[in-house]
Amino acid sequence: MASMQRRLGPNIVGYYGILQPFADALKLLIKEYISPTQANIIVFFLGPFITLIFSLYGYAMIPFGPGIAINDLNLGLLYMLAVSSLATYGILLAGWSANSKYAFLGSLRSTAQLISYELILSSILLVIVLTTGTLNLSVIIEMQKIIWFVFFFFPLFVIFFIAAVAENNRAPFDLAEAESELVSGFMTEHAAGIFVFFFLAEYASIILMCILITIVLLGGYEILSLLEYFNVFIKHVFNLIFFLLNNIYVYIEFITTLAKTVNYYIFNIESNYNEYINIINYYGWLILTFIKEDLNLIKNLLHISFSLNTLSMSLLNVFILGFKTCVLIFAYIWVRASYPRIRFDQLMSFCWTILLPIIIGIIIFIPCILYNKDIIPFVISLL
(Lines give C-alpha, C1' and ligand atoms only; values in the text may rest on other atoms or scores of the structure.)
Protein backbone atom coordinates (compact mmCIF):
# COMPACT_ATOMS: atom_id res chain seq x y z
CA MET A 1 0.00 0.00 0.00
CA ALA A 2 2.92 2.31 0.69
CA SER A 3 4.19 1.67 -2.83
CA MET A 4 0.72 2.30 -4.30
CA GLN A 5 0.45 5.64 -2.47
CA ARG A 6 4.16 6.50 -2.98
CA ARG A 7 4.81 6.89 0.74
CA LEU A 8 8.56 6.90 1.26
CA GLY A 9 8.57 5.77 4.89
CA PRO A 10 7.01 2.31 5.22
CA ASN A 11 8.50 0.81 2.06
CA ILE A 12 12.18 1.17 3.05
CA VAL A 13 12.25 -0.82 6.32
CA GLY A 14 13.74 -4.06 5.10
CA TYR A 15 13.39 -5.39 1.59
CA TYR A 16 10.40 -3.58 0.04
CA GLY A 17 9.12 -2.75 3.53
CA ILE A 18 8.75 -6.37 4.68
CA LEU A 19 10.06 -5.55 8.19
CA GLN A 20 7.72 -2.58 8.70
CA PRO A 21 4.88 -4.63 10.33
CA PHE A 22 7.39 -6.19 12.74
CA ALA A 23 8.72 -2.75 13.62
CA ASP A 24 5.19 -1.46 14.30
CA ALA A 25 4.34 -4.49 16.43
CA LEU A 26 7.55 -4.14 18.45
CA LYS A 27 6.88 -0.44 18.99
CA LEU A 28 3.38 -1.16 20.34
CA LEU A 29 4.50 -4.02 22.59
CA ILE A 30 7.24 -2.02 24.35
CA LYS A 31 5.09 1.07 24.92
CA GLU A 32 3.73 1.83 28.37
CA TYR A 33 0.05 1.05 28.79
CA ILE A 34 -2.20 3.80 30.16
CA SER A 35 -5.83 3.00 30.97
CA PRO A 36 -8.59 5.62 31.34
CA THR A 37 -9.48 6.36 34.95
CA GLN A 38 -13.24 6.43 34.38
CA ALA A 39 -13.35 3.28 32.25
CA ASN A 40 -14.85 -0.06 33.22
CA ILE A 41 -11.51 -1.85 33.38
CA ILE A 42 -12.80 -5.45 33.23
CA VAL A 43 -15.00 -4.88 30.17
CA PHE A 44 -12.38 -2.54 28.73
CA PHE A 45 -9.83 -5.37 28.66
CA LEU A 46 -12.40 -8.02 27.77
CA GLY A 47 -13.48 -6.36 24.50
CA PRO A 48 -10.19 -6.86 22.57
CA PHE A 49 -9.93 -10.45 23.83
CA ILE A 50 -13.45 -11.27 22.63
CA THR A 51 -12.80 -9.72 19.22
CA LEU A 52 -9.53 -11.62 18.73
CA ILE A 53 -10.79 -14.97 20.05
CA PHE A 54 -13.89 -15.05 17.87
CA SER A 55 -11.85 -13.92 14.86
CA LEU A 56 -9.63 -16.98 15.32
CA TYR A 57 -12.38 -19.50 16.07
CA GLY A 58 -13.50 -19.57 12.44
CA TYR A 59 -10.25 -21.22 11.31
CA ALA A 60 -11.33 -24.47 12.98
CA MET A 61 -13.76 -25.16 10.12
CA ILE A 62 -11.44 -24.36 7.21
CA PRO A 63 -10.69 -27.38 4.97
CA PHE A 64 -7.15 -26.79 3.71
CA GLY A 65 -7.33 -30.00 1.68
CA PRO A 66 -9.33 -33.23 1.41
CA GLY A 67 -9.68 -34.31 5.04
CA ILE A 68 -7.32 -31.58 6.30
CA ALA A 69 -9.41 -29.61 8.82
CA ILE A 70 -9.49 -29.26 12.57
CA ASN A 71 -13.21 -30.02 12.70
CA ASP A 72 -15.23 -30.69 9.56
CA LEU A 73 -18.76 -30.04 10.80
CA ASN A 74 -21.84 -30.50 8.64
CA LEU A 75 -22.91 -27.03 9.79
CA GLY A 76 -19.52 -25.43 9.15
CA LEU A 77 -20.87 -22.53 7.09
CA LEU A 78 -23.43 -21.67 9.78
CA TYR A 79 -20.69 -21.90 12.44
CA MET A 80 -18.48 -19.41 10.56
CA LEU A 81 -21.36 -16.96 10.23
CA ALA A 82 -22.12 -17.20 13.94
CA VAL A 83 -18.49 -16.76 14.98
CA SER A 84 -17.93 -13.75 12.71
CA SER A 85 -21.08 -12.14 14.11
CA LEU A 86 -20.05 -12.61 17.75
CA ALA A 87 -16.85 -10.61 17.14
CA THR A 88 -19.08 -7.52 16.94
CA TYR A 89 -19.73 -7.76 20.70
CA GLY A 90 -16.06 -7.16 21.44
CA ILE A 91 -16.10 -3.93 19.44
CA LEU A 92 -19.32 -2.79 21.13
CA LEU A 93 -18.03 -3.55 24.63
CA ALA A 94 -14.67 -1.90 23.99
CA GLY A 95 -16.29 1.33 22.77
CA TRP A 96 -18.86 1.47 25.56
CA SER A 97 -16.49 0.66 28.43
CA ALA A 98 -13.93 3.33 27.48
CA ASN A 99 -16.25 6.16 28.69
CA SER A 100 -15.30 8.25 25.66
CA LYS A 101 -17.66 9.79 23.16
CA TYR A 102 -15.35 9.07 20.23
CA ALA A 103 -15.01 5.42 21.16
CA PHE A 104 -18.73 5.11 21.85
CA LEU A 105 -19.70 6.67 18.50
CA GLY A 106 -17.24 4.40 16.73
CA SER A 107 -18.66 1.29 18.39
CA LEU A 108 -22.25 2.32 17.51
CA ARG A 109 -21.26 2.90 13.90
CA SER A 110 -19.46 -0.43 13.79
CA THR A 111 -22.44 -2.30 15.24
CA ALA A 112 -24.87 -0.80 12.74
CA GLN A 113 -22.49 -1.41 9.86
CA LEU A 114 -21.63 -5.00 10.74
CA ILE A 115 -25.23 -6.00 11.38
CA SER A 116 -26.33 -4.49 8.07
CA TYR A 117 -23.66 -6.12 5.93
CA GLU A 118 -23.93 -9.40 7.84
CA LEU A 119 -27.38 -9.69 6.25
CA ILE A 120 -25.84 -9.35 2.78
CA LEU A 121 -23.22 -12.03 3.50
CA SER A 122 -25.73 -14.50 4.92
CA SER A 123 -28.09 -13.92 1.98
CA ILE A 124 -25.33 -14.68 -0.53
CA LEU A 125 -24.37 -17.80 1.39
CA LEU A 126 -28.05 -18.82 1.32
CA VAL A 127 -27.86 -18.88 -2.49
CA ILE A 128 -24.80 -21.15 -2.27
CA VAL A 129 -26.65 -23.44 0.16
CA LEU A 130 -29.68 -23.59 -2.15
CA THR A 131 -27.38 -24.53 -5.03
CA THR A 132 -25.32 -27.17 -3.22
CA GLY A 133 -27.85 -28.45 -0.67
CA THR A 134 -25.31 -28.56 2.16
CA LEU A 135 -23.65 -26.42 4.83
CA ASN A 136 -20.47 -28.53 4.86
CA LEU A 137 -17.53 -26.54 3.53
CA SER A 138 -15.72 -29.62 2.19
CA VAL A 139 -18.77 -30.70 0.21
CA ILE A 140 -19.16 -27.19 -1.21
CA ILE A 141 -15.54 -27.32 -2.41
CA GLU A 142 -15.92 -30.80 -3.90
CA MET A 143 -19.02 -29.66 -5.84
CA GLN A 144 -16.76 -27.14 -7.61
CA LYS A 145 -14.42 -29.85 -8.85
CA ILE A 146 -15.41 -29.34 -12.47
CA ILE A 147 -16.12 -25.60 -12.53
CA TRP A 148 -16.08 -22.88 -9.88
CA PHE A 149 -19.27 -21.16 -8.77
CA VAL A 150 -17.81 -17.75 -9.60
CA PHE A 151 -18.44 -18.42 -13.31
CA PHE A 152 -22.17 -18.80 -12.58
CA PHE A 153 -22.50 -16.26 -9.78
CA PHE A 154 -20.04 -13.52 -10.75
CA PRO A 155 -22.41 -10.71 -9.60
CA LEU A 156 -22.64 -12.49 -6.24
CA PHE A 157 -18.84 -12.61 -6.10
CA VAL A 158 -18.62 -8.83 -6.57
CA ILE A 159 -21.33 -8.15 -3.97
CA PHE A 160 -19.77 -10.66 -1.55
CA PHE A 161 -16.40 -8.94 -1.84
CA ILE A 162 -17.92 -5.50 -1.21
CA ALA A 163 -19.85 -6.79 1.80
CA ALA A 164 -16.72 -8.53 3.13
CA VAL A 165 -14.75 -5.28 2.94
CA ALA A 166 -17.52 -3.52 4.89
CA GLU A 167 -17.74 -6.42 7.35
CA ASN A 168 -14.05 -6.10 8.20
CA ASN A 169 -14.18 -2.30 8.66
CA ARG A 170 -11.73 -1.74 5.82
CA ALA A 171 -11.48 1.38 3.70
CA PRO A 172 -13.50 2.80 2.03
CA PHE A 173 -15.96 1.39 4.58
CA ASP A 174 -13.90 1.96 7.74
CA LEU A 175 -16.45 4.29 9.33
CA ALA A 176 -16.07 2.60 12.72
CA GLU A 177 -12.43 3.70 12.99
CA ALA A 178 -12.37 6.77 10.78
CA GLU A 179 -9.19 8.57 11.81
CA SER A 180 -10.24 11.86 10.23
CA GLU A 181 -13.60 11.90 12.03
CA LEU A 182 -13.49 9.83 15.21
CA VAL A 183 -9.74 9.88 16.02
CA SER A 184 -9.53 6.07 15.91
CA GLY A 185 -13.11 5.01 16.53
CA PHE A 186 -13.73 2.34 19.14
CA MET A 187 -9.95 1.90 19.63
CA THR A 188 -9.31 5.51 20.66
CA GLU A 189 -8.59 4.81 24.35
CA HIS A 190 -6.71 1.54 23.82
CA ALA A 191 -2.94 1.60 23.62
CA ALA A 192 0.20 -0.53 23.67
CA GLY A 193 -0.21 -4.32 23.73
CA ILE A 194 -4.00 -4.33 24.10
CA PHE A 195 -4.20 -2.20 20.96
CA VAL A 196 -2.38 -4.97 19.05
CA PHE A 197 -5.26 -7.36 19.74
CA PHE A 198 -7.64 -5.26 17.67
CA PHE A 199 -5.18 -5.18 14.78
CA LEU A 200 -4.60 -8.92 14.97
CA ALA A 201 -8.36 -9.50 15.07
CA GLU A 202 -8.89 -7.24 12.06
CA TYR A 203 -6.30 -8.93 9.88
CA ALA A 204 -7.32 -12.40 11.07
CA SER A 205 -10.88 -11.55 10.02
CA ILE A 206 -9.63 -10.33 6.64
CA ILE A 207 -7.79 -13.61 5.99
CA LEU A 208 -10.76 -15.65 7.23
CA MET A 209 -13.21 -13.76 5.01
CA CYS A 210 -10.93 -14.16 1.97
CA ILE A 211 -10.69 -17.91 2.67
CA LEU A 212 -14.50 -18.07 2.92
CA ILE A 213 -14.87 -16.31 -0.45
CA THR A 214 -12.33 -18.74 -1.91
CA ILE A 215 -14.21 -21.75 -0.53
CA VAL A 216 -17.76 -20.84 -1.58
CA LEU A 217 -17.04 -19.21 -4.96
CA LEU A 218 -13.48 -19.90 -6.12
CA GLY A 219 -13.32 -23.65 -5.57
CA GLY A 220 -11.19 -23.59 -2.41
CA TYR A 221 -8.24 -25.93 -2.88
CA GLU A 222 -9.72 -27.43 -6.07
CA ILE A 223 -7.57 -27.02 -9.14
CA LEU A 224 -6.12 -30.50 -9.33
CA SER A 225 -9.07 -31.78 -11.36
CA LEU A 226 -8.15 -29.23 -14.01
CA LEU A 227 -4.59 -30.55 -13.91
CA GLU A 228 -5.92 -34.09 -14.30
CA TYR A 229 -7.92 -33.09 -17.37
CA PHE A 230 -4.86 -31.30 -18.73
CA ASN A 231 -2.82 -34.47 -18.11
CA VAL A 232 -5.33 -36.55 -20.09
CA PHE A 233 -5.28 -33.96 -22.88
CA ILE A 234 -1.46 -34.04 -23.02
CA LYS A 235 -1.49 -37.84 -23.19
CA HIS A 236 -3.89 -37.79 -26.15
CA VAL A 237 -1.79 -35.17 -27.92
CA PHE A 238 1.40 -37.22 -27.50
CA ASN A 239 -0.37 -40.39 -28.63
CA LEU A 240 -1.53 -38.58 -31.77
CA ILE A 241 2.03 -37.35 -32.44
CA PHE A 242 3.44 -40.87 -31.99
CA PHE A 243 0.80 -42.27 -34.34
CA LEU A 244 1.69 -39.73 -37.02
CA LEU A 245 5.43 -40.36 -36.61
CA ASN A 246 5.02 -44.14 -36.82
CA ASN A 247 3.01 -43.87 -40.02
CA ILE A 248 4.93 -41.11 -41.74
CA TYR A 249 6.79 -43.60 -43.99
CA VAL A 250 3.49 -44.94 -45.24
CA TYR A 251 2.49 -41.39 -46.17
CA ILE A 252 5.83 -40.84 -47.98
CA GLU A 253 5.48 -44.04 -50.00
CA PHE A 254 1.88 -43.19 -50.84
CA ILE A 255 2.86 -39.71 -52.07
CA THR A 256 5.77 -41.01 -54.16
CA THR A 257 3.59 -43.76 -55.70
CA LEU A 258 0.93 -41.16 -56.51
CA ALA A 259 3.59 -38.94 -58.11
CA LYS A 260 4.86 -41.85 -60.23
CA THR A 261 1.33 -42.65 -61.39
CA VAL A 262 0.55 -39.04 -62.30
CA ASN A 263 3.81 -38.59 -64.20
CA TYR A 264 3.54 -41.86 -66.11
CA TYR A 265 -0.14 -41.92 -67.08
CA ILE A 266 -0.79 -38.21 -67.51
CA PHE A 267 2.51 -36.66 -68.56
CA ASN A 268 4.05 -39.87 -69.98
CA ILE A 269 7.17 -39.28 -67.93
CA GLU A 270 8.89 -42.21 -66.30
CA SER A 271 11.05 -41.24 -63.31
CA ASN A 272 12.80 -43.29 -60.68
CA TYR A 273 12.12 -41.99 -57.16
CA ASN A 274 13.82 -44.85 -55.34
CA GLU A 275 16.99 -42.88 -54.64
CA TYR A 276 15.04 -39.95 -53.21
CA ILE A 277 12.90 -42.29 -51.13
CA ASN A 278 15.99 -44.02 -49.69
CA ILE A 279 17.58 -40.69 -48.75
CA ILE A 280 14.37 -39.47 -47.13
CA ASN A 281 13.94 -42.75 -45.25
CA TYR A 282 17.55 -42.75 -44.00
CA TYR A 283 17.74 -39.19 -42.73
CA GLY A 284 14.10 -39.18 -41.67
CA TRP A 285 14.67 -42.28 -39.57
CA LEU A 286 17.58 -40.61 -37.72
CA ILE A 287 15.67 -37.37 -37.11
CA LEU A 288 12.43 -39.05 -36.06
CA THR A 289 14.25 -41.43 -33.71
CA PHE A 290 15.69 -38.51 -31.74
CA ILE A 291 12.34 -36.66 -31.82
CA LYS A 292 10.46 -39.70 -30.52
CA GLU A 293 12.97 -40.23 -27.72
CA ASP A 294 12.67 -36.61 -26.64
CA LEU A 295 8.87 -36.77 -26.81
CA ASN A 296 8.87 -39.97 -24.76
CA LEU A 297 11.06 -38.29 -22.15
CA ILE A 298 8.76 -35.24 -21.98
CA LYS A 299 5.68 -37.45 -21.74
CA ASN A 300 7.18 -39.46 -18.87
CA LEU A 301 8.22 -36.31 -17.01
CA LEU A 302 4.72 -34.85 -17.33
CA HIS A 303 3.18 -38.11 -16.17
CA ILE A 304 5.48 -38.18 -13.14
CA SER A 305 4.74 -34.53 -12.30
CA PHE A 306 0.99 -35.17 -12.30
CA SER A 307 1.29 -38.47 -10.38
CA LEU A 308 2.41 -36.94 -7.10
CA ASN A 309 2.31 -38.69 -3.75
CA THR A 310 -0.22 -37.91 -1.03
CA LEU A 311 1.99 -35.52 0.95
CA SER A 312 2.87 -33.48 -2.13
CA MET A 313 -0.79 -33.33 -3.14
CA SER A 314 -1.75 -32.10 0.33
CA LEU A 315 0.92 -29.40 0.24
CA LEU A 316 -0.21 -28.43 -3.24
CA ASN A 317 -3.82 -28.12 -2.02
CA VAL A 318 -2.73 -25.86 0.82
CA PHE A 319 -0.63 -23.78 -1.58
CA ILE A 320 -3.56 -23.38 -4.01
CA LEU A 321 -5.91 -22.24 -1.24
CA GLY A 322 -3.26 -19.85 0.07
CA PHE A 323 -2.55 -18.42 -3.37
CA LYS A 324 -6.23 -17.65 -4.03
CA THR A 325 -6.54 -16.10 -0.58
CA CYS A 326 -3.46 -13.92 -1.14
CA VAL A 327 -4.93 -12.60 -4.40
CA LEU A 328 -8.09 -11.53 -2.55
CA ILE A 329 -6.04 -9.98 0.27
CA PHE A 330 -4.10 -8.00 -2.33
CA ALA A 331 -7.46 -6.80 -3.70
CA TYR A 332 -8.38 -5.67 -0.16
CA ILE A 333 -5.22 -3.55 0.07
CA TRP A 334 -5.68 -2.32 -3.49
CA VAL A 335 -9.20 -1.09 -2.73
CA ARG A 336 -8.02 0.62 0.45
CA ALA A 337 -5.27 2.46 -1.41
CA SER A 338 -7.51 3.49 -4.30
CA TYR A 339 -10.88 4.74 -3.00
CA PRO A 340 -11.72 7.54 -0.54
CA ARG A 341 -13.88 6.98 2.53
CA ILE A 342 -17.60 7.45 2.03
CA ARG A 343 -20.09 8.98 4.47
CA PHE A 344 -21.92 6.81 6.95
CA ASP A 345 -25.35 7.56 5.49
CA GLN A 346 -24.05 6.61 2.03
CA LEU A 347 -22.74 3.35 3.46
CA MET A 348 -26.07 2.38 5.01
CA SER A 349 -28.07 3.57 2.01
CA PHE A 350 -25.88 1.52 -0.32
CA CYS A 351 -26.55 -1.57 1.76
CA TRP A 352 -30.32 -1.28 2.27
CA THR A 353 -31.43 0.36 -0.99
CA ILE A 354 -29.03 -1.14 -3.56
CA LEU A 355 -27.40 -4.37 -2.43
CA LEU A 356 -30.29 -5.87 -0.47
CA PRO A 357 -32.92 -5.62 -3.28
CA ILE A 358 -30.43 -7.19 -5.71
CA ILE A 359 -29.74 -10.06 -3.31
CA ILE A 360 -33.44 -10.66 -2.65
CA GLY A 361 -34.06 -10.82 -6.40
CA ILE A 362 -31.24 -13.33 -6.85
CA ILE A 363 -32.52 -15.44 -3.92
CA ILE A 364 -35.89 -15.67 -5.67
CA PHE A 365 -34.45 -16.17 -9.17
CA ILE A 366 -31.94 -18.97 -8.44
CA PRO A 367 -34.42 -21.42 -6.82
CA CYS A 368 -36.84 -20.79 -9.70
CA ILE A 369 -34.14 -21.83 -12.17
CA LEU A 370 -33.25 -24.90 -10.09
CA TYR A 371 -36.90 -25.94 -9.81
CA ASN A 372 -37.60 -25.32 -13.51
CA LYS A 373 -34.63 -27.47 -14.58
CA ASP A 374 -35.39 -30.08 -11.88
CA ILE A 375 -31.87 -29.83 -10.45
CA ILE A 376 -32.70 -28.96 -6.85
CA PRO A 377 -30.14 -30.68 -4.59
CA PHE A 378 -31.35 -33.88 -2.96
CA VAL A 379 -30.92 -32.61 0.60
CA ILE A 380 -32.97 -29.48 -0.07
CA SER A 381 -35.71 -31.48 -1.81
CA LEU A 382 -36.22 -33.57 1.35
CA LEU A 383 -36.89 -30.54 3.56
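**View 1. Leu 217 and its neighbours in a predicted model.** Here Leu 217 touches Ile 128, Gln 144, Trp 148, Phe 149, Val 150, Phe 153, Leu 156, Phe 157 and Phe 160, leaving aside residues up to four places away in sequence; contact means heavy atoms within 4.5 Å. This is a predicted model, in which local features need pLDDT of at least 70 and side-chain atom pairs count only at pLDDT 80 or more, while totals for chains, interfaces and linings use all residues. Residues are numbered from 1 along each chain as its sequence is written, and side-chain values use heavy atoms, with hydrogens and water left out.

**View 2. The largest nonpolar core, with 59 residues.** Ile 120, Phe 160 and Leu 217 touch the most other members of this core. A nonpolar core is a set of buried Ala, Val, Leu, Ile, Met, Phe, Trp, Tyr and Cys residues joined through side-chain atoms within 4.5 Å. Buried means under 20% relative accessible area, exposed over 50%, and partly exposed in between (1.4 Å probe, protein chains only). At least two core residues come from each of helices H3 (76-97), H4 (101-132), H5 (137-142), H6 (154-167), H8 (192-217), H12 (310-338) and H13 (344-372). The biggest share comes from H8, which gives eleven residues. Helices (H or I, at least four residues) and strands (E, at least two) are DSSP runs, numbered from the N terminus.

**View 3. A separate core of nine residues.** Look for Leu 28, Ala 94, Leu 114 and Phe 198 among the members of this other core, which lies apart from the largest one.

**View 4. Helix H6, mostly covered.** Ten of the 14 residues in H6 are buried, including Leu 156, Phe 157, Phe 160 and Glu 167. From its first C-alpha to its last, H6 reaches 20 Å, close to the 20 Å expected at 1.5 Å a residue; the expected span is 1.5 Å times one less than the number of residues. Just after H6, Asn 169 takes a positive phi of about 60°.

View 5. Leu 19 sits in the segment before helix H1 (20-30) and is partly exposed, with a relative accessible area of 46%.
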